Amino acid sequence: MQRLGSSPHRMYPGHFWGSLMKIVDLNHDEGTIHQVAALLMKGFKDHWPNAWPDLDAALDEVRDSLGTGRISCIAIDDDRRVLGWIGGIREYSGNAWELHPLVVHPDHQGKRIGRALVADLEMRVVEQGGVTIFLGTDDEDGMTSIANVDLYPNVWEHIAGIKNLRRHPYEFYQKQGYVIVGVIPDANGVGKPDILMAKRMVV
Ligand SMILES: CC(C)(COP(=O)(O)OP(=O)(O)OC[C@H]1O[C@@H](n2cnc3c(N)ncnc32)[C@H](O)[C@@H]1OP(=O)(O)O)[C@@H](O)C(=O)NCCC(=O)NCCS
């Protein structure tokens with residue numbers, strides 16, 4: 001089997017620009033790194049414009065994902081066009097890994113690429129002995145009922161009654177088995193929380 005990066009590619013059925021999707025490790029190929037950085041900016045610009053404000057910031061994020069204690073995987077089509085990217089960061093002595101970041105090409109969202117990338121990361125974390133995956137998903141843009149309100153002092157009441165007003169991705173993660181485990185109120189400015197989620201990888 002062809003190898004790209006440190007592990008064999010994983011094939012997924014589906015039609016993406018008329019070809020099959022593969023998930024492979026990101027490597028140091030500069031052309032691919034630039035594609036991933038451009039995708040990162042494009043995928044986040046509407047709701048999280050400050051996340052990666054310019055190409056240099058996005059390139060730094062992508063290059064950092066190739067370091068020690070990292071998992072970095074891309075979904076590509078037959079022509080090596082990047083459809084999506086997921087990263088994992090080893091934390092808590094390897095017991096818990098942070099899922100960061102995740103992005104799917106806007107032209108190809110809703111085709112289960114995100115779900116496949118999350119499943120792939122989970123498999124990789126379990127292979128490395130991880131017990132938990134956690135993540136933070138910001139609401140900077142009033143996409144949920146817990147933005148633009150004062151969450152104090154009854155923070156958990158707000159979390160328990162959370163509503164998805166404009167397709168915030170916390171619900172995507174819930175569909176993959178992730179649970180809201182907390183919130184950082186005002187993480188991105190007043191009324192702009194970070195929603196914390198986690199999933200246990202072992203039974
Ligand atoms: C969020 C994102 C990664 C989802 O990827 P995707 O490939 O479009 O999602 P999938 O097709 O795998 O969806 C899987 C399920 O989640 C649901 N889903 C996907 N995005 C959703 C959203 N924003 N809100 C609610 N549900 C969502 C789908 O409807 C699908 O549901 P089903 O299993 O009942 O059919 C993608 O939309 C994206 O890159 N968004 C911009 C960047 C972003 O939000 N990243 C995460 C920030 S932490």
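This is a predicted model: local features need pLDDT of at least 70, side-chain atom pairs count only at pLDDT 80 or more; totals for chains, interfaces and linings use all residues.
Among contacts in the chain between residues at least 6 apart in sequence, what percentage join residues at least 24 apart? For this chain the value is 54%, where two residues are in contact if their C-beta atoms, placed from the backbone, lie within 7 Å.

Residues are numbered from 1 along each chain, as its sequence is written.

Let me begin with the overall fold. The chain has five helices and 10 strands, taken as DSSP runs numbered from the N terminus, with helices being H or I of at least four residues and strands E of at least two. Its radius of gyration is 17 Å, close to the 17 Å that the globule rule gives for 203 residues, so the chain is as compact as a globular protein of that length; the radius is taken over C-alpha atoms, and the rule is 2.2 Å times the number of residues to the power 0.38. Along its principal axes, the C-alpha trace spans about 55 × 35 × 30 Å.

Now the domains. The assignment, which is automatic or from a database, gives domain 1 (1-130) and domain 2 (136-203), and their C-alpha centres lie 23 Å apart. Nine residues from domain 1 and seven residues from domain 2 make up the contact. On the side of domain 1 that touches domain 2, four residues are nonpolar, three polar and two charged; here Ala, Val, Leu, Ile, Met, Phe, Trp, Tyr, Cys and Pro count as nonpolar, Asp, Glu, Lys and Arg as charged, and the others, Gly among them, as polar.

Turning to the ligand, there are 18 residues around it, of which Gln109, Gly114, Arg115, Glu171 and Phe172 come nearest, a residue being near if its C-beta atom, placed from the backbone, lies within 6 Å. Two or more residues of this shell come from each of α1 (30-44), β7 (96-104), α3 (113-127) and α5 (170-175).

Asp78 sits between β5 (70-76) and β6 (82-91), and Asp78 counts as exposed because it has 12 C-beta neighbours inside 10 Å, the cut-offs being 12 or fewer for exposed, 20 or more for buried, and partly exposed in between, with C-beta atoms placed from the backbone. The C-alpha atoms of Asp78 and Met21 are separated by 7.1 Å, although the two residues are 57 apart along the chain.
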